[in-house]
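Good morning, everyone, and thank you for making the time.

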Amino acid sequence: MAAPCAPSPPAAAVVVLFLLLLHFLVIGECKAAAAANVTFRPGDELRRYKRVQALLRRLNKPSLRTIQSPDGDVIDCVPAHLQPAFDHPRLRGQRPLGPPVRPSGHHRRPNDTTDAGGQLWAASGASCPKGSVPVRRITEADVLRASSARRFGRAPTARVRRDSVSGGHEHAVGYVAGEEYYGARASINVWAPTVSTATEFSLSQIWVIGGSFGNDLNTIEAGWQVSPQLYGDNSPRFFTYWTSDAYQTTGCYNLLCSGFVQTNSRIAMGAAISPTSGYKGGQFDISLLIWKDPNHGNWWLEFGSGELVGYWPSFLFSHLASHASMVQFGGEVVDTRADGAHTATQMGSGHFPGEGFGRSSYFRNLEVVDWDNSLIPLTTFRVTADRPNCYDIQGGVNAVWGNYFYYGGPGRNVRCT
C-alpha cells in the first residue's frame, strides 16, 4: 500500500502562518484584556462622571440671559440671589447687601497709563439685566483639567510667600506687616505672560493676610492671572481667592464655591481682561481696592473706576473676622520643573524690573486702610524675591505713583536654571 502523501511545501507554509497568526491574536487579546482590567474600571469612571456632573449642576445656575464672549467663554446672567454664595448655610435665603461705606481718601489719582477695566465678554456692549450677576459658565472640560472634581477651583498649597521657596511657588513681592490692616489698594499693570505648561500659572495680585503661616492662615486675594489649567487658555483674567485654613479645605477661586457674594452686573469673575500691555507699547492697569466695611465687618472688593464687585462675609474667616496682620503685593509663578530645569514661565511682563516703564511690569499707588477706614500711604514697606535671578523686584516712591515697584522676569535664563 502506498504511503500517505506529505503536504506540499506551499500548503505546509500556509498552516504554519495560520498557527502563528492565531498565536499572536490570542496573546494580543489577553494583553488587551489585562490592560483593560488595569486602566478601565467602569465603576470608577461612572462615579467620576457623576461627581463632575453634580459639580456642574451646582455651579451653573439658571440664567436670565446668556452671552457668548469672543474668546469662547459663555457668560450666564444669574439672578443675584441664586449665585453659588447663597448655597452656604449661613447665607441661604438671603440677598446681597447694599453698598458699604467707602474708605476716606478714596479718589482717583492722575496717571500716565490707561485703565484696563474692560472685559472681552462685554466688548460688544452686551450686559446682564438688573438684579442678575454675570457668571462664567463652567464646562466639563474645565473640571477634567483639574486633578480631581474635589480640587477643582482650589489653589495648590504654599500660595503665600514664606521664608523660602515652597512647593514650586516663587514670589517677587512687597509687603507691610506688624500693624492692624483693614484693607489695601493698588493699580496693577496687566500683561499676558507666557506660561510653559498647563499645570503652571503666573499671577499678579494683592494678598490681605491674617493668622500665621500654619494651618490657620486666612487670606483674601485679588488680581489677574494666566492659568491654562483653570481657564483653558493663556489670557490674563480677573480673579479672586479666599481661604481660612491655608488652602486646605476652605475657599476657592472666583465663584467656584459658596463664599464670595457678587453684587455687580458688569464684571465677571474669571473673565479675560482687555486690553493688555505691550513691550515698548501702550501700558494698561487695573485698580483694585479691598477693605473691611466698618458697619457690617464684611470685606468688599472694588475693581477699576468705582465698580463694587461684591464681598466676602466676615463669618468665612477666623483671624480676618477682625483685621489683617499683613498685606502683600506682587507676582507669583509655579515652577514644576517639568523638563528637569527651571520653568520658562514668565512673571509680569517677562522682563526684569531694571528695564523700567513700558518694559517691566509694575504696581503703583500702594496704600492700606487703617482702623479709621482711611486710605493711607505705606510705612516700613519692604520688597523681597525668592529667586532674584529668575524673578526680581525693585521698589520706589515718587509724587505721582506714591509707593510703587517694578517686578518680574523671564524665569529660565543663564543665571536661572
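Let me begin with C390, which is buried, because its relative accessible area is 0% and the cut-off for buried is under 20%. Please keep in mind that we are looking at a predicted model. The partner of C390 is C416, and the two are joined by a disulfide with an S to S distance of 2.0 Å; C416 also counts as buried, at 0% relative accessibility. The torsion about their S-S bond is about 100°, so this disulfide is right-handed. C390 sits in the loop between β20 and β21, while C416 lies in the segment after β22, so the pair ties together parts that are 26 residues apart in sequence.

How many disulfides does the structure hold? There are 3, and another one joins C77 to C128, where the link is left-handed, with -75° about the S-S bond. Here C77 belongs to strand β2 and C128 to the loop between β4 and β5, so this bond connects parts that are 51 residues apart in sequence. A further disulfide joins C252 to C257, and that link is left-handed, with -80° about the S-S bond.

Let me now turn to helix α2, which covers residues 42-59. Its buried residues are V52, Q53, L55, L56 and L59, and, seen down the axis of α2, they fall within an arc of 160°, so they line one face of the helix. What covers them includes α3, whereas the face of α2 turned away from the buried side carries the exposed residues K50 and R57.

Notes:
Residues are numbered from 1 along each chain as its sequence is written. This is a predicted model: local features need pLDDT of at least 70, side-chain atom pairs count only at pLDDT 80 or more; totals for chains, interfaces and linings use all residues. Side-chain values use heavy atoms; hydrogens and water are left out. Helices (H or I, at least four residues) and strands (E, at least two) are DSSP runs, numbered from the N terminus. The expected span of a helix is 1.5 Å times one less than its number of residues. Buried means under 20% relative accessible area, exposed over 50%, partly exposed in between (1.4 Å probe, protein chains only). The arc is that of the directions from the helix axis to the C-beta atoms. Contact means heavy atoms within 4.5 Å. A disulfide is a pair of cysteine sulfur atoms within 2.5 Å.
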